[in-house]
Amino acid sequence: MNLAERNLDNFGVDATDRRHNIHPFTDLSVMETAERTVIASARGNYVHGEDGRKFLDGLGGMWCVNIGHGRDEMADAIADQVRRLAYYSPFDDLTSAPMAALAQELANRAPGSLNRVLFTTGGSTAADSAIRLIHHYFIRKGEPSRRHIITRDRAYHGSTYLTASLSDRDYSIDWMPETSFIHHLSAPGLYRRPEGTSEAEFMDILAAEFEAKIAELGPENVACFIAEPIQGSGGVIVPPEGYHPRMIGICRKYGILYVADEVVTAFGRLGHFFASQDYFGIVPDIITCAKGLTSGYIPAGAVIMSDEIYEVLSRPGTYFNTGFTYTGHAVACAAALKNIEIIERERICERVREIGPYFEERLAPLADLPLVGDVRGRRFMMCVEYVQNKERKELFGDDVRIGKRIWRHCQKRGLLVRPLAHLNVLSPPLTLERDEIDFIADVLRDAIRDTADELTREGIKAG
Ligand code: PLP
């Protein structure tokens, strides 16, 4: 019996997990009673429960398994690297072939002059490092007052202290986020824009809000604006037409840096290696990425910065104290290189561009259902928002746990989606086939109908 078997022998996975393991973003008061699905294995676009159930993976692990699960080629690349060199320090001028090769690969693929790469351990550490290096940059540049960061409601930039503070203010109700230099603008969601405004008018409102915030803080005090190209965990919020070019234009006007958090959108999810330029037409100063960088096979992240930033950071003088034990981990870099090779060889970006619109098209009619307020997203990044009252766009109370109810009905029918309060998010592997898209759309429709019946039986008003 190996160590894992020995530890699970008494209670099995589910009960052992409840006794000792704390999950991310969990209501700990229901640890004992919350439903658990034990995932035992995964292959291609499917995951398998310990109890033998098979699910289509509608969430791509967690927005990350872009090339699908269980690829032998990835296992081989990882095992080969472990045998050759699993780990050695990246500090003190030591390096390794996978780290150097991956830095070159990212520099080649990133837009504009984004040619310098700082590896991290994931998305949170990428955004966190980006903000630290920006502060360092402005100090080196002789503009130390530029320390204020502008972010947005509904943002998600991670779960370190700093990146959680940069995220939506709702994440901050039970602790003390850093607020002295972090400022939030409105989320650019069209569904909940002010009543009676057109998309173009809404865009004007958002741009004016940004300019007003800069004026309030003093442009000489603002360091950067950080934005996901499409807000992911905040509810797949697609900004109005022209949003990113307009916002970066304002940044340029005031000497403010633009950080694109592409942790979700990079490596194919929107049909391009990076969405900033190829989808939204902008060249940011910094791109952060993680998730799809290795398709989740091993954790890794990166900050890709412009030559202009690097030039300032590399001026003689003090040096920038940053880095992690696992910066540029050899196995993670080997996994990322193989992952990129697969994305390229299988023309995965091209297929997302081809099949993505079909995904949008198949999900759109769900909006006719009484519980559905909005269906939104682009290509392989989609979301359904549920409302109690469609006309007034009124949400269900938290106690109804509407997203979770529909998630449960989807699971019964063999589909995993992500329940996020009043939303279900879909971010499947990019290898999804058309008939699997049909399956997702059909199961969601049935699950929403089952849930509506369930609410009626419980006397909860909806529709
Ligand atoms: N940035 C964005 C846009 C994300 O969606 C996430 C995670 O979902 C993060 C950062 C944090 O990444 P990680 O969980 O790898 O630290």
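**A chat about the sheet and a pocket**

Biologist: What kinds of residues line the second largest pocket, by class?
Modeller: Its lining has 16 nonpolar, eight polar and five charged residues. Bear in mind that this is a predicted model.

Biologist: Okay, and which residues lie nearest the centre of that pocket?
Modeller: Those are Pro90, Val117, Leu118, Tyr310 and Thr322, out of 29 lining residues. The space in the second largest pocket comes to about 990 Å³.

Biologist: Which helices and strands supply at least two residues of the lining?
Modeller: H5, E4 and helix H11 (307-313) each do that for the second largest pocket.

Biologist: Where does H5 lie?
Modeller: Helix H5, residues 97-109, lies across E4 and E10, and runs at about 135° to E4.

Biologist: Switching to the sheet: what's the strand order?
Modeller: Going across, you get E4-E10-E9-E8-E7-E5-E6. The sheet is open, with seven strands and mixed pairing.

Biologist: Why is one side of E4 and of E6 left without a neighbour in the sheet?
Modeller: Because strand E4 (114-120) and strand E6 (182-185) stand at the edges, where each has a single partner strand.

Biologist: How much are neighbouring strands turned against each other?
Modeller: By 20° on average in this sheet, with direction ignored.

Biologist: Back to E9 and E10. Do they run parallel or antiparallel?
Modeller: Antiparallel: four bridges join E9 (residues 286-289) to E10 (residues 301-306). In general, strands of a sheet pair through backbone hydrogen bonds.

Terms used
Residues are numbered from 1 along each chain as its sequence is written. This is a predicted model: local features need pLDDT of at least 70, side-chain atom pairs count only at pLDDT 80 or more; totals for chains, interfaces and linings use all residues. Side-chain values use heavy atoms; hydrogens and water are left out. Two strands pair if DSSP finds at least two bridges between them. Axes are lines fitted to C-alpha atoms, for helices over the stretch in contact, and angles run from 0 to 180 degrees between N-to-C directions. Contact means heavy atoms within 4.5 Å. On a 1 Å grid over the protein atoms alone, a cavity is a set of points where a 1.4 Å probe fits but cannot get out, and a pocket is an open set with protein on both sides within 12 Å along at least five of seven lines; lining residues have an atom within 4 Å of a point. Grid points are joined across faces, edges and corners, and a volume is the space filled by probe spheres set on the points. Ala, Val, Leu, Ile, Met, Phe, Trp, Tyr, Cys and Pro count as nonpolar, Asp, Glu, Lys and Arg as charged, and the others, Gly among them, as polar.
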